[in-house]
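Dear colleague,

I am passing on the structure we spoke about, and below it you will find my notes on what the computed geometry shows. Please read them with the model open beside you.

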Amino acid sequence: MDPSILILVISFTFLLIIGTPVSISIGVSTLLTMLVSIDFIPAVTTTAQRMGGGLNSFSLLAIPFFILSGLLMGQGGIARRLVEFAKVLIGMFPGGLAFVNVISCTLFGAISGSAVAATSAIGSFMIPTMNKEGYDKNFNAAITVASSTTGLLIPPSNILIIYSLASGGVSIAALFVAGYIPGLLMAAFLMIVCAIYARIKKFPVGERPCLKDVALRSWEAIPSLALIFIVIGGIIKGIFTATEASVIAVLYAGFLSLVVYKEIAWGDLKPLLVKAGETTAIVLLLIATSTAMSWILSYENIPQDLSTQLLNLTENPLVILLTINIILLLVGVFMDMTPAVLIFTPILLPVAESLGLSPLHFGIIMIMNLCIGLCTPPVGSVLFVGCSVAKTSIGSLIKPLLPMYAAMIFALLLVIFIPALSEFLPEFFGLYNMP
Amino acid sequence: QKNDRQQTLKLAHTLNIDHPVHKALIYMAERLKEKSYGAMAIDIYPSGQLGGERELIELLQIGSLAMTKVSSSPLEEFIDEMKVFSTPYLFEDNDHFWRTLNGDVGRHILLSGESVFLRGLGFYDAGSRSFYSVNKPIHTPDDLAGLKIRVQQSQSAIQMVNTLGGSATPIAWGELYTALQQGVVDGAENNPPSFWSSKHFEVAKYYTLDEHTMVPDIILISQYTWDHLNPQQQGWLQSAMDESVVYQRKLWAEATEEALEAVAAAGVEIIRPNKAPYQQKVQSAAASAAQNQPQINKDIINKIKLLRK
Amino acid sequence: MSTVVLISTRLEKALSNFLAFLMAAMVIDVLWQVISRFALADPSSYTEELARFLLMWVGLLGAAYAYRKHSHLSLDLVIKSVSPAAQIRLNRFIQCVTFTFALCVMVFGGYKLMALTLSLKQNSAALGIPMGWVYACIPISGLFICWFAFDNFIHAGSHSENNNNSKV
Ligand code: NA
Ligand code: NA
């Protein structure tokens with residue numbers, strides 16, 4: 001085996017196990033790997049440059065802004081009103097809040113195009129609320145993390161745009177439409193997991209509300225619900241981009257909490273800004289060091305070598321198809337989504353096409369695989385944000401996440417073997433002609 | 001096949017593997033291998049896997065990457081001379097453009113980055129940039145008034161679009177498709193193959209071939225790497241480069257043709273405007289744009305104008 | 001209060017003030033981008049670039065602040081299962097690893113990058129400011145992390161159970 005990959009895997013695993021912060025472990029193992037083929041000074045300079053470069057992206061601004069708006073919503077009374085409203089609607093069912101969580105995360109992920117943003121915005125008020133209502137803390141974080149990734153399949157989605165580029169020309173419009181059914185399918189399966197959990201764990205059942213309560217809670221929730229309409233409406237009307245929408249969410253949440261509800265004083269703003277900055281930075285340092293890691297992986301041609309070796313194992317198309325998916329799942333476990341799409345699309349797409357898959361179908365399969373990866377350690381930005389907002393550990397999230405992985409993989413298998421799930425809508429709307 | 005004496009140069013760029021540039025780079029690598037009897041090789045990293053264009057230039061300066069292909073526009077941040085290319089209607093036509101690049105002026109520009117460790121090996125064709133718009137066709141410069149046109153983050157690009165009468169709007173490239181779709185901006189500008197491969201034609205249904213700027217691509221080598229090669233190796237590399245330039249121009253012409261046919265087939269109205277009003281519009285403004293250029297660039301611009309027929 | 005603790009407290013305070021400022025600046029900058037484009041129809045040419053640069057500063061200086069607060073994510077399965085004495089030794093080793101990384105990559109590599117881009121006069125596209133000053137956040141953050149790692153190292157014995165806020 002290539003010495004550089006051995007150094008990478010061994011040093012990373014060792015540092016991680018003894019309890020070194022994940023971001024530092026990624027950085028150190030990247031540097032050690034780089035030193036195999038690059039001199040010390042260019043190696044440290046390159047690592048520093050990749051760390052800085054990894055953060056030099058406008059789309060990442062959604063992270064601090066949605067984290068900040070999430071904190072404002074949580075402390076400013078918006079979240080409470082939304083949850084009260086959701087409770088009178090479906091709180092009387094077992095596990096009602098869990099369903100509310102899945103729906104909110106899907107909706108938020110859908111409009112923001114960012115799973116990290118959905119986890120931080122919805123998670124930072126839904127998770128504490130669910131905790132208070134007697135739901136299991138780790139389950140709450142896990143369901144937030146898993147359901148946030150569905151928004152990457154539902155348009156708008158920057159990752160689908162990146163796939164379109166990497167694939168050398170699959171229509172973005174077609175990809176956007178293709179993502180709807182798989183995204184909603186994944187959300188539906190996650191809700192089934194919630195329903196089963198609710199029965200087994202005897203999640204709290206709210207009282208059946210009287211009509212007066214329903215009316216009152218709905219009325220109170222209108223300004224908070226308006227946030228969603230302002231954000232979606234603004235994007236659709238072309239007033240701001242999906243990333244800029246995050247700052248509008250900050251503005252509106254700030255306006256409600258400071259001026260309308262007066263549940264936050266102006267003096268509370270500074271600690272909120274610092275808290276948001278700190279939570280943001282935890283994620284950003286991970287993105288910075290994983291950018292450096294994926295750089296050295298590509299530089300050493302490790303992804304290409306690995307997939308070549310794995311694909312040489314057999315001639316059976318079904319086995320190759322499953323192997324591709326296993327490769328993608330493993331990639332998602334260790335890599336961030338954007339570099340993974342850019343590196344592996346040119347490698348795996350030709351293989352998939354030789355098996356008769358359309359580039360459209362393969363793209364959706366790839367993103368679904370990587371969505372699962374976003375929720376797995378050791379490198380999973382959505383998981384990290386989920387742990388961070390829920391104040392819980394990665395280790396304790398694994399158990400509640402297991403059935404959710406299963407649900408997501410089940411949705412993935414359906415999408416793999418029923419091409420119509422991703423291809424019907426684009427063909428129906430005339431956006432895609434099957435090759 | 002790799003032996004210890006083999007000199008392998010790592011080259012990274014941001015385009016996909018179907019792009020004429022990538023094919024021409026592969027051709028260059030093959031030619032180099034043949035010329036050097038296998039003593040030299042080029043490893044190509046496409047699709048931005050080692051970073052964006054600005055970052056790849058920095059890696060050449062750091063010394064961890066040997067070569068890259070970048071547009072001359074991000075190079076403006078590193079080398080003043082590159083700002084020359086953002087002057088609208090500087091070149092009369094394709095012929096004038098290539099006469100300039102293949103002559104002394106082109107040679108001077110290629111070597112102008114030596115002091116910042118960046119050595120240009122040759123120019124690739126990146127065609128002419130033209131406007132495309134979503135709702136309103138652009139026939140004359142007056143049609144640009146009030147239209148928000150997306151530009152790259154650069155002073156000269158902003159100045160160029162404002163000069164022509166549009167309202168220059170910097171938008172991150174990755175957000176441009178949805179920005180066009182949702183009306184955050186009314187249009188953008190690029191060459192035909194990029195208009196096609198970015199899929200922006202799905203949203204923008206009018207393409208006005210006003211061909212306001214000709215911004216070449218440049219193949220750069222790190223000065224460290226270049227100095228490390230012996231004269232014979234430098235010679236092999238340069239002649240492989242020169243052969244690939246000819247090949248790439250042919251591929252580019254084909255790609256442009258195909259892209260225009262493809263977008264037209266997809267329902268885009270291709271407008272071939274009278275360029276005179278556009279040229280008049282920038283005449284005074286171009287002079288003032290040249291005023292903002294460093295003295296050295298004014299000299300280059302004058303030399304380029306002298307090469308007009 | 002020892003000098004080390006005093007310095008750390010002051011540094012933490014300064015970092016948190018600066019972080020709040022950067023976050024507020026980022027909000028205002030992107031709001032201005034929307035307002036200037038939509039309401040004033042005169043799109044600002046620099047807000048997009050400024051926002052990206054502010055984000056780099058928030059990410060790296062915030063990372064130093066989060067390091068001080070022990071809030072970076074890590075796996076604690078092993079460290080929780082060994083004896084208190086071994087915990088201290090392991091913690092000291094982790095602080096050494098972090099210190100070395102911050103020193104080599106962030107302080108030295110970041111300084112090299114900054115010096116290189118300054119001496120080669122690379123200026124940002126829209127604002128025209130030297131890229132070296134944008135990259136300065138890397139060595140500065142590295143220095144903070146080095147100091148906090150040093151502080152953690154010498155106090156590893158005294159507040160090892162104090163680290164339970166690291167969410168692990
Ligand atoms: Na989305
Ligand atoms: Na993962």
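A salt bridge here is a side-chain nitrogen of Lys or Arg within 4 Å of a carboxyl oxygen of Asp or Glu. This is a predicted model, in which local features need pLDDT of at least 70 and side-chain atom pairs count only at pLDDT 80 or more, whereas totals for chains, interfaces and linings use all residues. Residues are numbered from 1 along each chain as its sequence is written, chains are lettered from A and ligands numbered from 1 in the order in which they are written, and side-chain values use heavy atoms, with hydrogens and water left out.

By the salt-bridge rule the count over all chains comes to 21. One of them joins the side chains of B:R31 and B:E243, with N and O 2.5 Å apart. This pair ties together distant parts of the chain, since B:R31 lies in helix 1 (residues 20–35) of chain B and B:E243 in helix 10 of chain B, 212 residues apart. Helices (H or I, at least four residues) and strands (E, at least two) are DSSP runs, numbered from the N terminus.

Helix 10 (residues 231–265) of chain B also lies across strand 1, strand 2, strand 3, strand 4 and strand 10 of chain B, running at about 30° to strand 4; axes are lines fitted to C-alpha atoms, for helices over the stretch in contact (heavy atoms within 4.5 Å), and angles run from 0 to 180 degrees between N-to-C directions. In chain B, 5 strands make an open sheet of mixed pairing, in the order 2-1-3-10-4, where two strands pair if DSSP finds at least two bridges between them. Strand 2 (40–45) and strand 4 (118–124) of chain B stand at the edges with a single partner strand each, so one side of each has no neighbour in the sheet. From one strand to the next the twist averages 25°. Strand 1 (residues 7–12) and strand 3 (residues 67–71) of chain B pair in the parallel sense over 2 bridges, and B:A12 stands opposite B:T68 in strand 3. Helix 5 (residues 104–111) of chain B packs on the sheet as well, touching strand 4 and strand 10 (217–222), and its direction makes about 140° with that of strand 4.

Turning to the interfaces, chain A and chain C meet through 61 residues of chain A and 55 residues of chain C. They bury about 5000 Å² between them, 80% of it on carbon and sulfur atoms; buried area is the accessible area (1.4 Å probe) that two parts lose on being put together, summed over both. The rule finds 1 salt bridge across this interface, and C:R37 forms it with A:E244, the closest N and O atoms being 2.6 Å apart.

Between chain A and chain B, 37 residues of chain A are in contact with 30 residues of chain B, and the buried area is about 2700 Å², of which carbon and sulfur atoms give 56%. Here too the count is 1 salt bridge, in which the side chains of B:E55 and A:R50 meet at 3.4 Å, N to O.
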